[in-house]
Amino acid sequence: YRDIILNIYREQLGDEETYLKGRNKALYFGRDYLDLAQYWRDKGNLPRAIEIAEAGLKNGQGRLTGVREFLMSAYKGKRGEGRSFEMMIQLWEESPTLRGYKEIKKSSPGSEWANIEERLLKTVYTDGTCNSQLIEIRLLRKDYENVLRYFQKRVKSWYSRSRDYPNYEWAKILFEFYPDEIIECYRELVNR
């Protein structure tokens, strides 16, 4: 409700002073900082907007994806190229995707790619963290053994009413390298 009220002051009533007082008192979540940073950017005060967004990265709670995206675009240009690239990496670490992985690889200086990839792989191989995007990255890197382990684990936990069934496309790729294991996985599924 607070956000709705503040937006009414700002957009409907044009009372920016009340909006700013209320918004400055209520900076808790990343989206609060993002809202204020966007306000200052729209007013033409980009340095102030960046200052607010950077404070949001430090102090904001919850997801900070929007704040990072804001800073990434604000840093674009010759002066902030390195900071923009760092934001791209941080965004990826928060929400990794195969497309983002490829973008970072394409944007990174060739000599630094090995170090950057090592940092990215810490996210890819964090225990307990796995989703289809991370599996796709593992497949891109030809890390078939780890994908097979994940596939086998998924087969064991899959039950007939589950929507999260083992991915057939992964099985086709893995079959080239581990035909016996993949056949055994499907045998288990059929028997179940």
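Two rings of Phe, Tyr or Trp (for Trp, its six-membered ring) are taken as a pair if their centres lie within 6.5 Å; planes under 30 degrees apart make the pair stacked, over 60 edge-to-face, and the rest tilted. The model looked at here is a predicted one, where local features need pLDDT of at least 70, side-chain atom pairs count only at pLDDT 80 or more, and totals for chains, interfaces and linings use all residues. Residues are numbered from 1 along each chain as its sequence is written, and side-chain values use heavy atoms, with hydrogens and water left out.

By that ring rule, the count is seven aromatic pairs. One of them joins Tyr101 and Trp113, with ring centres 5.7 Å apart and planes at 75 degrees, so it is edge-to-face. Tyr101 belongs to helix α7 (residues 98-107) and Trp113 to helix α8 (residues 113-124), so this pair ties together parts 12 residues apart in sequence. Helices here are DSSP runs (H or I, at least four residues), numbered from the N terminus. Both Tyr101 and Trp113 are buried, meaning under 20% relative accessible area, with exposed set at over 50% and partly exposed in between (1.4 Å probe, protein chains only).

Then there's Phe151 with Tyr186, a tilted pair at 6.3 Å centre to centre and 45 degrees between the planes. Phe151 sits in helix α10 (residues 144-157) and Tyr186 in helix α12 (residues 179-191), so parts 35 residues apart in sequence get tied together. Phe151 is buried, at 1% relative accessible area, while Tyr186 is partly exposed at 27%.

Finally, Tyr19, Tyr39 and Trp40 make up one aromatic cluster.

Notes
Helix = DSSP H or I, 4+ residues; strand = E, 2+ residues; numbered from the N terminus.
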